[in-house]
Amino acid sequence: MVEEEGFRRYVAHIILWIGIAIVAFPVYIAIVASTQDNALIANGQMSLLPGGHFFEVYYQTIFVGTSGSTREPVYNMMLNSLVMALLIAVGKIAISIISAYGIVYFRFPFRMPIFWIIFITLMLPVEVRIYPTYKIVADLHMLDSYAGLALPLIASATATLLFRQFFMTVPDELLEASRIDGAGPLRFFWDTLLPLSRTNMAALFVILFILGWNQYLWPLLITTRDDMQTIQVGIRKMITTTDALTEWPVVMATAVLAMLPPVFVVVAMQKLFVRGLVETEK
């Protein structure tokens, strides 16, 4: 039995390492390509070992930009993506937790129909309502602005549902104790529910930040100036389809840099993220 268990563990580790290699190899190729000469990549002669243009390529990528389709440096694109992702993540959590609090702890007419109307909006993502959303944003003169990038994506029926389900598991005794202490609705929300929701908010923040960071279609539509484009749009514009030669080292360096903020958020909030996903009782 011991030998059989050891064999199974050995096989499991082999499968795990194969999966890691499959996932990590494209990232390695991107890092290596970002240090190579552009002519070697264009001719299909790229080496699998890092080249000698690391500092040159990354300096150009971060502070200068490409000489072709977009001349905007990557640090500005990353700033735009960061602001957009933070606004979307924080905005979704704030609106959703307040909405869920009102639905669970307040009794008012049509409370449940309102909740189900919110839930039905899951069937209407921004891609489905793209034209009316764009028309409203344009009429409000929010094109090429952070408000235009974030506000149409800031509501979340999914987060509202998750917070509602969590609030329904909070014991009624906590609400009664707060009332006995003379706490009003806002104090109960701030002093009791928010601390209990910390891990849930952390887990949602990680997911929603990555969702906002990876947005492509909406920023592509409402940004017409290079200084307002996000990094996902910038990567696409760097890959030219004309006779001009794509600067592949810069493209790959931009792709590598675009991975860093989501990875940092996941690593920094890993413990809270896992707790928020696995905890079922508070």
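This tour goes from the nonpolar cores to the aromatic rings.

The model is predicted, so local features need pLDDT of at least 70, side-chain atom pairs count only at pLDDT 80 or more, and totals for chains, interfaces and linings use all residues. Residues are numbered from 1 along each chain as its sequence is written, and side-chain values use heavy atoms, leaving out hydrogens and water.

**Stop 1: the largest core**

Select Tyr105, Phe167, Leu193 and Ile231. Of the 44 residues in the largest nonpolar core, these four touch the most other members. A nonpolar core is a set of buried Ala, Val, Leu, Ile, Met, Phe, Trp, Tyr and Cys residues joined through side-chain atoms within 4.5 Å. Buried means under 20% relative accessible area, exposed means over 50%, and partly exposed lies in between (1.4 Å probe, protein chains only).

Now colour the helices. Those giving two or more residues to this core include helix 3 (54-64), helix 4 (74-105) and helix 14 (248-268). Helices (H or I, at least four residues) are DSSP runs, numbered from the N terminus. Helix 4 brings the largest share, 11 residues. Domain 1 (1-64) and domain 2 (76-279) each supply at least three residues; the bounds come from an automatic or database domain assignment.

**Stop 2: Tyr105**

Zoom in on Tyr105. Leaving aside residues up to four places away in sequence, Tyr105 touches Phe167, Val170, Leu175, Phe188 and Leu193. Contact means heavy atoms within 4.5 Å.

Next, select Val126, Leu149, Leu153 and Trp218. They are among the 11 residues of another core, which lies apart from the largest one.

**Stop 3: ring pairs**

Show the aromatic side chains. The structure holds 16 aromatic pairs. Rings of Phe, Tyr and Trp (its six-membered ring) pair if their centres lie within 6.5 Å; planes under 30 degrees apart count as stacked, over 60 as edge-to-face and the rest as tilted.

Pick Phe63 and Tyr75. This pair is tilted, at 6.4 Å centre to centre with 45 degrees between the planes. Phe63 is in helix 3 and Tyr75 in helix 4, so the pair ties together parts 12 residues apart in sequence. Tyr75 is partly exposed, at 47% relative accessibility.

Move to Trp116 and Phe119. They are edge-to-face: 5.5 Å between centres, 90 degrees between planes. Both sit in helix 5 (residues 111-120), three residues and about one helical turn apart.

**Stop 4: a cluster and a charge**

Select Tyr101, Tyr105, Phe106, Phe163, Phe166, Phe167, Phe188 and Phe189. Ring pairs link them into a cluster.

Finish at Phe115. Arg164 lies over its face, 4.3 Å from the ring centre. A charge sits over a ring if NZ of Lys or CZ of Arg is within 6 Å of the ring centre and within 35 degrees of the ring normal.
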